[in-house]
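Biologist: I would like to learn how to read a structure step by step. Can we take one together?
Modeller: Gladly. Here it is.

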Protein chains: 2
Amino acid sequence: MQQVRRFWGWGVEGEGPTAAQQRKLAETLTARFGGDPADPIPPPTINEIDLRAPRIVPPAALASVCTDDPFERAGHTYGKSFRDVWRALHRDFSCPPDLVAIPRSEADIVALLDWCSDERIAAVPYGGGSSVVGGVECDVGDEYRGAVSIDMRALDRVLEIDRVSRAARIQAGVYGPALEDQLRPHGLTLRHYPQSFEFSTLGGWLATRSGGHYATLHTHIDDFVESIRAITPRGEWESRRLPGSGAGPSPDRALLGSEGILGVITEAWMRLQDRPTFRASATARFPTFEHAAEAARAISQSGLYPANCRVLDAAEAGLTGADDSGTALLLLAFESADHPLGPWITRAVECARDHGGEVADDQIAVRGGSNTGAGEGARDGAAGSWRNAFIRAPYTRDALVGLGAISETFETACTWDAFPALHEGITSAVLDTAEAAGAWPAVVTCRFTHVYPDGPAPYFTVLARGTEPEQLAQWEAVKAAAGAALTKHGGTITHHHAVGRDHRRWYDRQRPEPFAAALRAAKAAVDPAGILNPGVIVDPADVIGLPGPAPGPGSV
Amino acid sequence: MQQVRRFWGWGVEGEGPTAAQQRKLAETLTARFGGDPADPIPPPTINEIDLRAPRIVPPAALASVCTDDPFERAGHTYGKSFRDVWRALHRDFSCPPDLVAIPRSEADIVALLDWCSDERIAAVPYGGGSSVVGGVECDVGDEYRGAVSIDMRALDRVLEIDRVSRAARIQAGVYGPALEDQLRPHGLTLRHYPQSFEFSTLGGWLATRSGGHYATLHTHIDDFVESIRAITPRGEWESRRLPGSGAGPSPDRALLGSEGILGVITEAWMRLQDRPTFRASATARFPTFEHAAEAARAISQSGLYPANCRVLDAAEAGLTGADDSGTALLLLAFESADHPLGPWITRAVECARDHGGEVADDQIAVRGGSNTGAGEGARDGAAGSWRNAFIRAPYTRDALVGLGAISETFETACTWDAFPALHEGITSAVLDTAEAAGAWPAVVTCRFTHVYPDGPAPYFTVLARGTEPEQLAQWEAVKAAAGAALTKHGGTITHHHAVGRDHRRWYDRQRPEPFAAALRAAKAAVDPAGILNPGVIVDPADVIGLPGPAPGPGSV
């Protein structure tokens with residue numbers, strides 16, 4: 001049976017916590033935060049939603065590509081941020097796309113962009129809709145006659161495989177599982193597993209510089225790109241398929257992170273992996289988070305390159321069921337399709353122990369050499385518990401929204417020298433803000449999703465009691481406090497959640513001003529009508545109707 | 001005693017082949033190619049050069065920053081390509097910079113760019129002047145009132161070191177050896193050793209996406225960048241210092257490869273390495289180049305990440321003295337500051353043997369654990385011979401120019417599936433062209449400088465007999481044949497030599513047209529007067545005096 005996507009929140013109907021599990025979740029919240037168990041807000045049905053009438057009508061040639069079906073329009077109104085789900089649960093769909101377009105070919109996309117450019121209609125590229133930063137919204141303002149959400153799901157095929165170079169040409173609209181299904185018969189895998197894997201697409205990963213499976217080395221989807229093809233209002237943008245190049249600034253790096261403002265990504269040649277057959281893993285326990293962080297630093301600087309090198313603080317380990325002993329954890333794993341990993345895990349465990357980590361010898365697993373038991377299935381213990389919680393998390397978050405709680409995650413990256421102050425600064429800023437906003441008690445946990453030789457990518461989870469009718473304002477206060485604190489302490493506003501509309505104010509402060517000017521000009525050159533995803537990365541007013549050329553030298 | 005840089009060619013006075021060695025080289029050429037040994041063209045002295053008078057006078061505030069000294073102006077007229085040295089040996093310095101500026105601060109650079117913008121004077125950033133692609137020339141045409149070469153050599157300090165994150169803030173004008181000298185007391189190293197190491201700068205490496213020491217994984221300088229600071233005519237461009245980020249398109253990647261057209265790079269925070277203390281190496285011999293290439297592919301896809309994985313064809317091995325047995329070589333080396341490398345080299349040798357490589361057990365060296373003998377000194381056998389030839393090569397090339405020979409190197413990268421046809425296509429195109437041009441006999445050799453999981457970076461050397469007065473035209477024919485062939489066969493016009501002016505025609509075909517439009521617009525936004533390195537990457541005419549806004553949608 002075909003699964004039905006939820007139009008109001010994460011995932012598909014029938015998944016996520018059952019009514020009984022939601023009651024249990026409410027009781028857990030009460031036990032932790034006090035108060036009475038809340039009754040969950042019932043999810044909306046599509047018939048409850050009163051969508052405004054579409055303001056635009058597609059030309060005849062595009063009629064079969066576009067739909068005004070309410071379920072599609074409601075389902076494309078938001079991404080999946082806390083605010084998105086809150087608004088959906090509160091039946092607020094006030095700015096839906098006027099139409100949802102589902103192109104079946106690049107020619108359809110060319111026609112869509114031509115039409116939108118001619119009629120000044122916003123064109124918002126849409127992959128899986130998993131944005132948590134307002135990246136796919138159609139609330140574009142009155143400068144536009146309407147908005148079309150361009151859903152890429154029909155372009156979902158692996159078109160070509162080069163086995164010798166381990167690469168494939170892949171359409172951008174393919175979802176994670178369908179992509180892996182098409183690669184598996186060839187013994188290949190992209191091995192890109194963001195938390196959104198089930199409900200996000202290759203094109204979305206590329207447009208947002210998605211963070212993936214590998215905790216070290218190849219941390220972002222960027223690292224697996226050979227070439228990208230996109231349709232811009234000015235024509236086709238296709239880079240040459242290359243393993244490496246030094247010919248000018250990289251055209252691919254200009255599209256990576258462009259979040260749909262330069263063009264609609266339609267295909268990419270991606271570097272693939274052989275399916276791993278060797279695996280080694282260990283879990284180390286540390287008396288403090290700082291000890292675990294130091295061990296992670298040593299390992300990140302060792303040149304061992306583990307696939308997993310995730311640090312969980314004690315609260316994170318407890319919340320996710322990975323460990324409730326009050327210790328911080330370091331989850332280590334290596335994988336390979338080429339060689340046994342004994343020497344690798346042995347040295348990594350030595351690093352962990354050098355920094356105060358406890359690793360029982362029987363908790364060091366080294367497997368492989370055949371295809372059995374070495375792949376994704378071989379996850380158990382703390383790492384397995386953590387991974388299960390990781391996959392379930394978005395469903396749980398939606399349930400928490402419906403129970404009136406504040407639940408938010410945000411992430412960054414900073415250099416090692418900056419981390420202690422950043423960690424302390426963010427934690428206290430968020431807790432102080434939550435308390436001041438009445439979202440109290442609150443807890444902030446931290447883990448490292450990725451680590452680099454020069455710094456970690458810390459990921460924070462906030463859970464707090466919310467109150468009605470302040471819940472959304474409380475979330476906004478927490479989100480703003482987090483953004484301000486991580487910016488102040490030298491972090492990036494996002495390591496892998498993207499910028500969208502929600503991170504703009506901090507992003508604008510982070511980027512160099514001449515680069516912003518260059519980016520606005522670049523966008524105006526390829527999207528002169530300024531139709532593509534207005535408000536993301538740059539403001540439409542900076543692109544369309546600019547008052548003449550840029551200021552001359554010395555004016556800044 | 002201070003070394004004196006040659007104004008007409010590679011390196012410093014007193015280095016390179018002696019008169020006796022040049023005679024020997026002439027005899028070797030004769031033995032290989034026939035004809036009579038040529039008398040070398042004597043290098044010019046500065047008094048022989050008749051430089052045109054400077055067309056511009058610096059304002060008083062910049063008088064102490066600028067010089068019109070003939071030695072400086074002649075020395076900044078060219079890079080170090082075959083054509084550059086040929087012209088210098090033939091006393092042709094017809095387009096020198098009018099002035100050489102040697103800024104001592106960013107304020108000097110701001111003032112220089114303001115002056116150049118106001119007066120429409122070309123400003124050509126200059127690092128070590130090792131460009132082989134016409135990247136630092138001042139032949140900018142009559143649209144400009146003059147040209148200033150901005151030599152960054154006075155900005156040569158390591159300003160700050162973050163030992164815990166293993167990073168340093170470094171001024172762009174520092175040369176390779178001086179950089180390593182400043183890092184050594186901290187136990188750190190950038191380990192970026194392009195062939196030009198002695199005579200090139202950090203800023204030059206960044207601007208040209210220089211290829212470095214590591215044959216796998218971190219192949220380009222790009223991979224070691226935390227942040228870059230540049231002065232543009234529109235103000236300071238400085239990215240946040242971060243180990244990783246997903247916040248929009250990377251501002252650093254826009255400067256990397258920009259070759260001075262967007263701004264003058266003044267500083268960068270760079271990721272460093274601990275000085276390696278463990279080393280393992282081996283040399284494998286193969287019956288054919290194809291066998292060696294297959295072994296390199298297997299190793300590049302193994303996840304072992306050797307620091308050296310260089311393939312030499314039999315002719316290359318013979319020419320460089322690495323091996324004259326007529327076999328192809330694979331030079332393998334691992335290095336680490338963290339762990340012994342026995343398991344790594346053992347598995348890599350296994351891969352080599354699986355593909356027909358012969359490796360004597362006593363040719364597998366595993367060293368380390370202390371600081372002695374594991375660092376750069378530990379190079380012997382075939383790898384050591386090859387490395388010595390590598391370092392000497394630019395001096396030898398200059399001598400070959402003076403002996404009337406054709407000597408050229410060019411490089412690319414392509415996917416593994418494309419390599420066999422590319423190799424065959426380039427070799428035959430170059431040989432056919434050389435013969436047709438009368439540059440005969442000729443030999444083409446190939447090595448891999450870097451390898452990726454999805455393809456190699458092949459590097460070609462052409463050596464041919466030249467004839468007078470056709471020598472330069474013969475070289476141009478060979479260069480054009482190489483560019484056309486590697487473009488035709490799916491390679492990039494450059495993996496690490498940059499684009500400059502010499503690679504423009506192929507680069508323009510390689511890059512996506514909407515990206516070119518975006519790049520031109522970006523340049524116009526940060527350099528509205530179009531003064532920075534005109535003709536490199538984009539044409540000045542596309543930036544200054546553009547006829548109105550970009551064409552609308554549907555026009556392409």
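Biologist: In which sense do strand β2 (residues 99-101) of chain A and strand β4 (residues 147-151) of chain A pair?
Modeller: One caution before the reply: this is a predicted model. Now the pairing. β2 and β4 of chain A run in the parallel sense, and three bridges link them. Val100(A) faces Ser149(A), which lies in β4(A).

Biologist: What is the order of the strands in the open sheet of chain A?
Modeller: The order is β1-β2-β4-β3 in chain A, four strands with mixed pairing. Next, look for the edges. β1 (66-67) and β3 (122-126) of chain A each have a single partner strand, so one side of each has no neighbour in the sheet.

Biologist: What about chain B: which order do its four strands take?
Modeller: Chain B has an open sheet in the order β1-β2-β4-β3, with mixed pairing.

Biologist: Are β1(B) and strand β2 (residues 99-101) of chain B parallel or antiparallel?
Modeller: β1(B) and β2(B) run antiparallel, joined by two bridges. Find Thr67(B) on your screen. Its bridge partner in β2(B) is Val100(B).

Biologist: Let us turn to helices. How are two packed helices described?
Modeller: By two things: the angle between their axes and the distance between the axes. The crossing of α12(A) with α13(A) is right-handed.

Biologist: Which residues of α12(A) meet α13(A)?
Modeller: From α12(A), they are Leu422(A), Gly425(A), Ile426(A), Ala429(A), Val430(A), Thr433(A) and Ala434(A). Their counterparts in α13(A) include Ala477(A), Ala481(A), Leu486(A) and Lys488(A). Sorted by class, this contact has 11 nonpolar, two polar and one charged residues.

Biologist: At what angle do helix α3 (residues 82-89) of chain B and helix α11 (residues 381-402) of chain B pack?
Modeller: At about 55 degrees, with the axes of α3(B) and α11(B) 10 Å apart. These two helices are therefore oblique to each other. α3(B) passes α11(B) in a right-handed crossing. Phe82(B), Val85(B), Trp86(B) and Leu89(B) of α3(B) touch Asp398(B), Val401(B) and Gly402(B) of α11(B). The classes here are five nonpolar, one polar and one charged.

Biologist: Now step back to whole chains. What rotation superposes chain B on chain A?
Modeller: A rotation of 180 degrees, with 0.0 Å of shift along its axis and an RMSD of 0.0 Å. The two copies are thus related as by a two-fold rotation axis.

Biologist: How many residues does the contact take from each chain?
Modeller: Chain B gives 89 residues and chain A gives 89 residues. Helix α15 (residues 513-526) of chain B supplies the largest share of chain B's side, 11 residues. By class, the chain B side has 41 nonpolar, 31 polar and 17 charged residues.

Biologist: Why do we say that the copies meet through the same surface?
Modeller: Compare the two sides. Of the interface residues of chain B, 100% are also interface residues in chain A, so the copies meet through the same surface.

Notes
Residues are numbered from 1 along each chain as its sequence is written. Chains are lettered from A and ligands numbered from 1 in the order in which they are written. This is a predicted model: local features need pLDDT of at least 70, side-chain atom pairs count only at pLDDT 80 or more; totals for chains, interfaces and linings use all residues. Copies are superposed by least squares on the C-alpha atoms of residues with pLDDT of at least 70 in both. Two residues are in contact if their C-beta atoms, placed from the backbone, lie within 7 Å. Ala, Val, Leu, Ile, Met, Phe, Trp, Tyr, Cys and Pro count as nonpolar, Asp, Glu, Lys and Arg as charged, and the others, Gly among them, as polar. Two strands pair if DSSP finds at least two bridges between them. A crossing is left-handed if the near helix is turned anticlockwise from the far one by less than a right angle, and right-handed if clockwise. Axes are lines fitted to C-alpha atoms, for helices over the stretch in contact, and angles run from 0 to 180 degrees between N-to-C directions. Angles under 35 degrees count as roughly parallel, over 145 as roughly antiparallel, 65 to 115 as roughly perpendicular and the rest as oblique.
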